[in-house]
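Keep the model in view as you read.

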Amino acid sequence: MLSLEQIVRDPEKIRAALVRRGEDPPIERILELDTSRRELIQQVDADRARRNAVSKAIGDEKRKPTAEEISEMRETGERIKLVEADLDGVQTELNEALLPLPNTPLSDVPDGLNEDSNEIIHTSDGPTESHGNAHWDVAPALGILDLEAGASISGARFFVLKGKGAKLQRALAAWMLDVHTNEHGYTEIDPPLLVRPETMLGSGNLPKFRENLYHDDETDLWLVPTAEVALNALHQGKIIDPGVLPLKYVAQTPSFRKEHAAAGRDVRGIKRVHQFEKVEMFRFVEPQDSEAVLEEMLGEATTICERLGLTYRVLKLCAGDIGFQSAMTYDIEVWSPGSAEWLEVSSISTCTDFQARRNNTRYRPEIGASTRLPHTLNGSGLALPRTWIAVIENGLQDDGSVVIPEEIVPYTGWDRIEAAP
RNA sequence: GGAGGGGUGGCAGAGCGGUUGAAUGCGCUUGUCUUGAAAACAAGUAUGUCCGUAAGGGCAUCGCAGGUUCGAAUCCUGUCCCCUCCGCCA
């Protein structure tokens with residue numbers, strides 16, 4: 001959520017920032033609503049102050065109220081209720097206007113309304129040739145991926161990993177978690193995957209993106225589309241004590257996405273599926289640190305690509321392509337020699353104070369100081385099926401076997417997936 | 001699923017419907033004392049919001065939502081969560 005205070009203070013600045021994203025925010029309406037909100041608050045507070053004063057006087061004097069007082073206070077009470085109802089309506093409308101507004105992009109974010117304007121800011125050394133053996137052909141032949149079984153169990157865009165394929169994914173995830181916890185200082189978290197509507201609201205997934213989320217009607221719980229949702233909520237409604245920030249969390253969880261918007265795209269293989277594993281990094285930091293931390297997290301994710309021997313590139317997303325809650329995002333893509341394309345394996349964003357405000361997560365900079373909103377950052381480190389694809393396709397040998405990256409061998413216990421007989 | 005108990009400030013823990021935003025203790029901050037520290041003593045110590053340049057003042061909040069009342073932390077209804085016991089179960 002954007003700061004109402006900031007919108008009121010500098011409406012044109014906020015409007016301009018949102019226009020960069022292709023939004024047309026109802027700024028005038030918000031300003032109107034805020035004005036009447038303030039008026040109504042003043043009215044109702046004055047009446048309540050009057051009522052409190054009379055009641056207190058009666059109490060202090062240990063006497064019965066007079067008939068006159070009773071009728072006046074009844075009248076005041078009625079008026080309070082009426083104005084409260086008005087105020088409630090205004091607050092609700094204001095919320096409904098504010099909640100669908102996305103975060104404002106940082107000035108560093110390139111202009112542009114779609115992915116064509118994203119800037120490639122770095123491409124690693126390494127091969128970018130194609131051998132044409134895509135994972136959807138190679139992996140089933142090796143007996144490590146069963147797309148038909150996924151479809152028959154659950155439907156399109158579900159898959160089954162088998163044998164060394166399943167273990168490779170587990171090994172990759174375990175290794176990534178170890179790198180982030182042991183070398184990057186993250187605390188490992190195993191969060192719930194079903195979350196309450198308030199939690200989805202806090203991360204920015206609701207109310208706008210409900211059509212992409214799985215939901216259980218009976219319990220009104222939502223399946224997380226990323227661990228970010230749960231990690232972001234770890235301190236909701238809480239004040240983080242002085243000296244505690246920065247907080248660094250990492251979790252490996254499944255992510256559940258309906259992918260309605262992407263119907264027809266990436267339908268072959270496991271590039272885009274309804275359920276996938278992902279290692280997610282998440283940080284709560286002091287505002288002045290967030291821009292530097294974004295770069296740091298980018299490094300933590302690219303390290304993973306490098307150590308797996310994958311060719312990758314880094315994109316700085318343009319204003320129109322960053323996520324709803326993001327103020328600035330880097331995407332990391334790895335080269336798939338099988339399908340001759342770049343696969344997005346990580347998205348690293350700063351959400352500035354946008355999520356903290358929605359979640360009512362605050363921190364106290366020092367003892368006795370007033371509370372402030374921390375900045376939140378999230379980044380995949382990395383998404384597993386696409387990393388798995390790249391590892392398989394990159395490790396593919398002329399004899400049909402697949403060589404596993406050296407770093408992963410201690411986790412798999414073997415260094416090669418044998419060619420199919 | 002059945003039966004009972006409970007949700008109050010950072011924590012513990014009081015609170016006859018009326019000077020209770022809330023006793024008391026602990027913790028924390030500052031000050032006095034001390035070479036320094038401890039102890040002791042004194043003062044302070046919730047969050048949000050509105051008005052105000054500020055000083056300051058108003059309002060709201062005792063899980064949450066309603067209701068009764070001139071007045072609700074205290075009474076009533078609903079709801080969520082936690083604990084204990086029984087049942088069931090990975």
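Q: In β10, which residue is the bridge partner of leucine 247?
A: This is a predicted model. Strand β9 covers residues 247-256 and strand β10 covers residues 275-285. The two run antiparallel and are joined by ten bridges. Within β10, leucine 247 has as its bridge partner phenylalanine 284.

Q: What is the order of the strands in the open sheet of eight strands?
A: The pairing in this sheet is mixed. β1 (119-123) and β4 (187-188) stand at the edges. Each has a single partner strand, so one side of each is left without a neighbour in the sheet. The order is β1-β11-β12-β13-β15-β10-β9-β4.

Q: Is strand β12 largely enclosed or left open by the rest of the structure?
A: Buried here means under 20% relative accessible area. On one face, Met328, Tyr330, Ile332, Val334 and Ser336 are buried. On the other, Thr329, Asp331, Glu333 and Trp335 are buried too. Nine of the nine residues of β12 are buried, so the strand is largely enclosed.

Q: In β12, which residue is the bridge partner of tyrosine 312?
A: Strand β11 spans residues 312-316. Its pairing with β12 is antiparallel, over five bridges. The partner of tyrosine 312 in β12 is valine 334.

Q: At about what angle does helix α12 run to β15?
A: Helix α12 spans residues 384-395. The helix lies across β10, β12, β13 and β15 (375-383). Its angle to β15 is about 35°.

Q: What is the relative accessible area of isoleucine 417?
A: Isoleucine 417 lies in strand β17 (residues 416-417). Residues it touches include Leu142, Ile144, Lys164 and Ile392. Valine 402 is 15 residues away in sequence, but 4.9 Å away in space, C-alpha to C-alpha. Isoleucine 417 is buried, with a relative accessible area of 2%.

Q: What distance separates the centres of domain 1 and domain 2?
A: The domain assignment of chain A gives residues 4-98 to domain 1. Domain 2 is given 115-417. Taken over C-alpha atoms, their centres are separated by 43 Å.

Conventions: Residues numbered from 1 in each chain as written. Chains lettered and ligands numbered in written order. Predicted model: local features only at pLDDT ≥ 70, side-chain atom pairs only at ≥ 80, totals over all residues. Heavy atoms only, no water. Buried < 20%, exposed > 50% of the residue type's maximum accessible area, 1.4 Å probe, protein only. Helix = DSSP H or I, 4+ residues; strand = E, 2+ residues; numbered from the N terminus. Pairing = 2+ DSSP bridges. Domains from an automatic or database assignment. Contact = heavy atoms within 4.5 Å. Axes fitted to C-alpha atoms, helices over the stretch in contact; angles between N-to-C directions. Lists of a residue's contacts leave out its neighbours within four places in sequence.
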